[in-house]
Amino acid sequence: MTDNRTIALVAGVLTLLTAATAVGQFLRRHPDRGLDLAAIRTFNSRLRGWWILCTVLAAAFWLGTTATVVLFGLVSFWALREFITLTPTRKGDHRALFWVFIAFTPAHYVLVGLNRYDIFSVFLPVYATLFVLARVAFAGDYKRFLERTAKIQAGLVVCVYCVSFAPALLQLKLPGAEGPGSNFRLLFFLILLVQFADCMQYVWSRMLGHRLVAPTVSSNRTWEGLLGSCTSTALLAAALWWAAPPFQLWQATLAGFVVAAMGFAGGMTMSAIKRDRGVKDYGTLVVGHGGVLDRIDSMCFAAPVFYHITLLVTGIKP
Amino acid sequence: MTRATIRMLSPADIRDPTPDPRPTLRPRSPFCQAVGLGLAALARVLAGASVRWIASQPDTCQRVYFANHTSHLDALVIWASLPRAIRDVTRPVAAKDYWSRGVVRRWLAQEVFDAILIDRTDIKVHQSPVDIMLREAGTACSLIVFPEGSRSVTGEVGEFKSGLYYLAKKRPEIELVPVHIDNLNRVLPRGEFLPVPLLSCISFGPPLWLERGEAKLDFLARARRAVLALKE
């Protein structure tokens with residue numbers, strides 16, 4: 001992991017974060033600049049989140065592939081808890097949910113860790129679905145049957161299946177890879193793009209946003225934000241294409257564009273679910289910081305698409 | 001020199017004149033304490049309990065925590081949600097018919113949680129549950145009680161039984177702290193034995209007392225409203 005590109009990437013990220021933190025602290029100490037105080041507070045809390053994220057990721061990367069898969073597994077598990085907690089289920093779903101949490105979710109991540117793409121790509125969408133349908137039927141409660149099983153299924157796919165494509169990037173055999181650092185750089189590239197896209201969406205919506213995509217679902221996501229976020233993320237991806245091993249310049253740019261669009265779609269989807277349930281945030285892990293699911297909603301949608309783009313443009317077999 | 005000074009003091013001079021603040025607590029063996037700590041941690045992780053103190057503070061003063069009853073996990077999770085110093089002086093009140101069945105459960109109830117077991121099936125006039133609770137609580141222990149008497153079937157908070165009123169009447173100075181338990185009935189519903197690790201929320205509210213001359217039904221309704229108010 002000590003190749004030059006990794007060092008350059010780590011140094012770049014550290015410099016950016018340190019500079020941003022310095023600016024954030026300066027703005028906090030000098031509140032008389034005519035800037036929006038709430039925006040500064042949001043900015044600073046976001047930065048704190050990024051420091052934590054980078055530290056945890058660095059630790060996981062340093063410990064190796066297995067540790068990273070386990071880390072993502074825990075994140076998935078927690079996100080699924082939040083998802084099912086906010087989704088009304090009936091007593092007839094209890095046994096199905098028990099196996100979903102205790103068996104299917106860990107088993108899926110074990111398969112990801114073992115690099116069994118042939119099994120893990122169908123394990124949850126096919127076998128878990130069949131199991132949930134049958135188990136709920138066996139429990140004997142037929143009321144709103146399809147609605148209930150669909151909720152569990154949606155939770156599994158979004159929180160577990162989709163997220164697991166991010167650590168699965170570590171298992172790809174990249175052409176011309178310079179040691180194991182390449183895969184970690186690819187994963188970090190994805191995480192960076194997703195976070196950046198989220199941020200840019202917010203910035204562009206605040207600066208130029210007029211046309212809301214769906215006012216009933218989200219009151220701050222605009223078409224301008226989507227377009228701006230896609231463009232800026234594509235530019236960042238182009239600027240960083242050297243850090244993402246298998247990509248050529250145009251491929252990295254395309255990946256950036258698509259990741260931003262998917263991240264936006266993920267945010268919209270989670271907002272729709274939250275609006276339906278009448279809540280603002282998913283959890284209370286850290287007070288005032290929303291839940292895990294609020295943090296990874298963009299990642300849920302971007303990870304599988306990024307994974308398959310990587311497969312497609314580079315022609316690697318999983 | 002110093003030796004001589006010490007010899008001249010009688011034991012009564014050395015010992016703190018105030019009585020032991022925890023006279024009714026039996027000392028627990030280190031093993032039982034470790035099991036208690038482990039179970040508390042497990043319960044918090046498994047039930048994903050977030051703990052809120054709403055207009056209320058954790059305190060070791062004598063209290064009665066009264067909560068809605070939704071799951072077998074209720075007493076354990078409330079107990080685990082309290083800070084350790086308070087947990088050590090807090091005893092759950094539990095049903096004898098459930099907690100004395102089987103060796104493990106009985107051991108957990110008696111040795112680890114130091115629970116006060118109440119016989120729900122055979123209530124004697126001269127030995128009422130309230131008398132047992134107050135005798136066992138002494139002047140220092142806090143209690144965890146479920147005034148509904150048994151777990152709610154629908155998830156709604158049922159009417160409170162009168163025990164809480166008599167507790168308050170006999171010991172009017174004890175703080176009665178309402179506790180609301182949210183979502184634990186989905187973690188471990190009635191009739192299930194395997195928990196689903198969802199997230200739950202335990203809310204502690206501001207203490208209340210029996211007002212002078214307050215009628216039984218009024219007080220019980222007020223206490224029930226205090227629990228419901230924590231639901232937001």
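**View 1. Confidence along chain A of the predicted model.** The mean pLDDT of chain A is 87, and 93% of its residues score at least 70. Within chain A, helix H4 (residues 94-113) has the highest confidence, with a mean of 95. The lowest is found in helix H2 (residues 37-63) of chain A, where the mean is 83. Where pLDDT is low, predicted coordinates should not be read in detail.

**View 2. Crossing of helices H2(A) and H3(A).** Helix H3 of chain A spans residues 65-86, and its axis comes within 5 Å of the axis of H2(A). The two axes cross at roughly 140 degrees, which means that H2(A) is oblique to H3(A).

**View 3. Residues at the contact of H2(A) with H3(A).** From H2(A), the residues A:Val56, A:Ala60, A:Phe61 and A:Leu63 take part. They meet A:Ala67, A:Thr68 and A:Leu71 of H3(A). By class, the residues of this contact are six nonpolar and one polar, with no charged residue.

View 4. B:Ser203 lies in strand E7 (residues 200-204) of chain B. B:Ser203 has a relative accessible area of 1% and is therefore buried, the cut-off being under 20%. Apart from neighbours within four places in sequence, B:Ser203 is in contact with B:Arg52, B:Ile54, B:Pro178, B:Val179, B:His180 and B:Leu230.

**View 5. Side-chain pairing of B:Ser203 with B:Arg52.** The side chains of B:Ser203 and B:Arg52 are joined by a polar contact of 2.9 Å. B:Ser203, the buried member shown in the previous view, belongs to strand E7 of chain B.

How values were computed: Residues are numbered from 1 along each chain as its sequence is written. Chains are lettered from A and ligands numbered from 1 in the order in which they are written. This is a predicted model: local features need pLDDT of at least 70, side-chain atom pairs count only at pLDDT 80 or more; totals for chains, interfaces and linings use all residues. Side-chain values use heavy atoms; hydrogens and water are left out. pLDDT is the predictor's confidence in each residue, from 0 to 100. Helices (H or I, at least four residues) and strands (E, at least two) are DSSP runs, numbered from the N terminus. Axes are lines fitted to C-alpha atoms, for helices over the stretch in contact, and angles run from 0 to 180 degrees between N-to-C directions. Angles under 35 degrees count as roughly parallel, over 145 as roughly antiparallel, 65 to 115 as roughly perpendicular and the rest as oblique. Contact means heavy atoms within 4.5 Å. Ala, Val, Leu, Ile, Met, Phe, Trp, Tyr, Cys and Pro count as nonpolar, Asp, Glu, Lys and Arg as charged, and the others, Gly among them, as polar. Buried means under 20% relative accessible area, exposed over 50%, partly exposed in between (1.4 Å probe, protein chains only). A polar contact is a pair of N or O atoms within 3.5 Å; within protein, one must be able to donate a hydrogen and the other to accept it, and residues adjacent in sequence count only if both atoms are side-chain atoms.
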